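Work through the exercises below with the sequence and model open beside you. Try each task before reading its solution.

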Amino acid sequence: MRLLSADFVTSAAAGGRSTGIPADGLGQVAIAGRSNVGKSTLLNALVRRKVARTSAAPGKTRLANVFRLTVEGGTGGPGRWSLYLVDLPGYGYARGGADAANELAEVAATYFANASGTGTESRQAAAPRGTLLLVDSRHPGLDSDVQAARWLSSVGPAPHIVATKIDKLSRAERVRNLRDLERVFGIPPLAVSATGGEGLDELWRLIARLARPSENR
């Protein structure tokens with residue numbers, strides 16, 4: 001698989017209509033996770049360029065940022081295809097306290113409402129085909145992650161669990177924590193490291209399975 005381009009498209013804010021959310025039928029994969037789980041860092045590692053801003057202050061970003069990617073080949077065979085990756089605002093920590101935390105949830109809700117549609121055929125065509133829930137592999141089973149998984153399942157596709165920062169664990173810790181994550185979420189997590197590159201090829205294959213148009217498979 002070869003990435004040909006990665007470009008910022010638009011943002012969705014809390015309470016907005018977000019009429020700019022793509023509704024062209026391309027697959028969409030939303031990326032969710034705690035504010036300090038490394039979502040933007042992982043996105044930049046996936047596309048091998050800095051498209052998402054990273055910050056030392058968690059909870060700073062309050063927009064759902066949409067990126068369009070064009071890819072050659074990969075899971076499903078040869079051919080050029082495109083998808084949208086949607087970087088949702090982080091949860092679990094928000095600058096500004098409870099009001100800001102509620103605003104972050106509203107941003108994500110705005111994205112899913114606009115992407116999934118409310119009886120409008122064009123909006124339903126743009127429904128996200130998958131959601132990735134990023135969790136810190138060093139802290140399995142956090143209540144905020146469990147609650148996020150339940151909420152995401154209620155508003156969109158059941159999320160796939162991606163365990164970040166796996167390079168920070170010893171071999172024994174890795175085995176134990178990944179087992180704990182599978183027990184908590186009921187599915188095996190995909191372990192990745194944005195800094196070391198571990199698991200990124202597998203993550204790309206998962207994204208392709210979720211978002212690549214079925215007619216090209």
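**Exercise 1: Helix 5 and its cover**

Task: find what covers the buried residues of helix 5.

Solution. The cover includes strand 5, helix 4 (143-155) and strand 6 (160-164). Contact means heavy atoms within 4.5 Å. Helices (H or I, at least four residues) and strands (E, at least two) are DSSP runs, numbered from the N terminus. The model is predicted: local features need pLDDT of at least 70, side-chain atom pairs count only at pLDDT 80 or more, and totals for chains, interfaces and linings use all residues. Residues are numbered from 1 along each chain as its sequence is written, and side-chain values use heavy atoms, with hydrogens and water left out.

Now take the residues themselves. N177, L181 and F185 are buried in helix 5. Buried means under 20% relative accessible area, exposed over 50%, partly exposed in between (1.4 Å probe, protein chains only). Turn to the face directed away from the buried side: it carries the exposed residues R171, A172, R179 and R183.

Check the length last. Helix 5 has 15 residues (residues 171-185), so at 1.5 Å a residue it should span 21 Å. The expected span is 1.5 Å times one less than the number of residues. The end C-alpha atoms are 21 Å apart, which agrees. G186 follows helix 5 and has a positive phi, near 80°.

**Exercise 2: The nonpolar cores**

Task: name the residues with the most contacts inside the largest nonpolar core.

Solution. Start with the term: a nonpolar core is a set of buried Ala, Val, Leu, Ile, Met, Phe, Trp, Tyr and Cys residues joined through side-chain atoms within 4.5 Å. The largest has 30 residues, and L69, L83, L132, L203 and I207 have the most contacts inside it. Elements that each supply at least two residues include strand 1 (2-12), strand 2 (27-33), helix 1 (39-47) and helix 6 (200-211). Helix 6 gives the most, with eight residues.

Zoom in on L203. It touches L42, L46, L132, V162, L190 and V192, not counting residues up to four places away in sequence. A second, separate core has 24 residues, including I21, Y91, F112 and A149.

**Exercise 3: Strand 3 and its partners**

Task: in which sense does strand 3 pair with strand 1, and over how many bridges?

Solution. Two strands pair if DSSP finds at least two bridges between them. Strand 1 and strand 3 pair in the antiparallel sense over nine bridges. In this pairing, D7 stands opposite R68 in strand 3. Strand 3 also pairs with strand 4, again antiparallel, over eight bridges. There, L69 stands opposite L83 in strand 4. Strand 3 is mostly covered, with seven of its nine residues buried.
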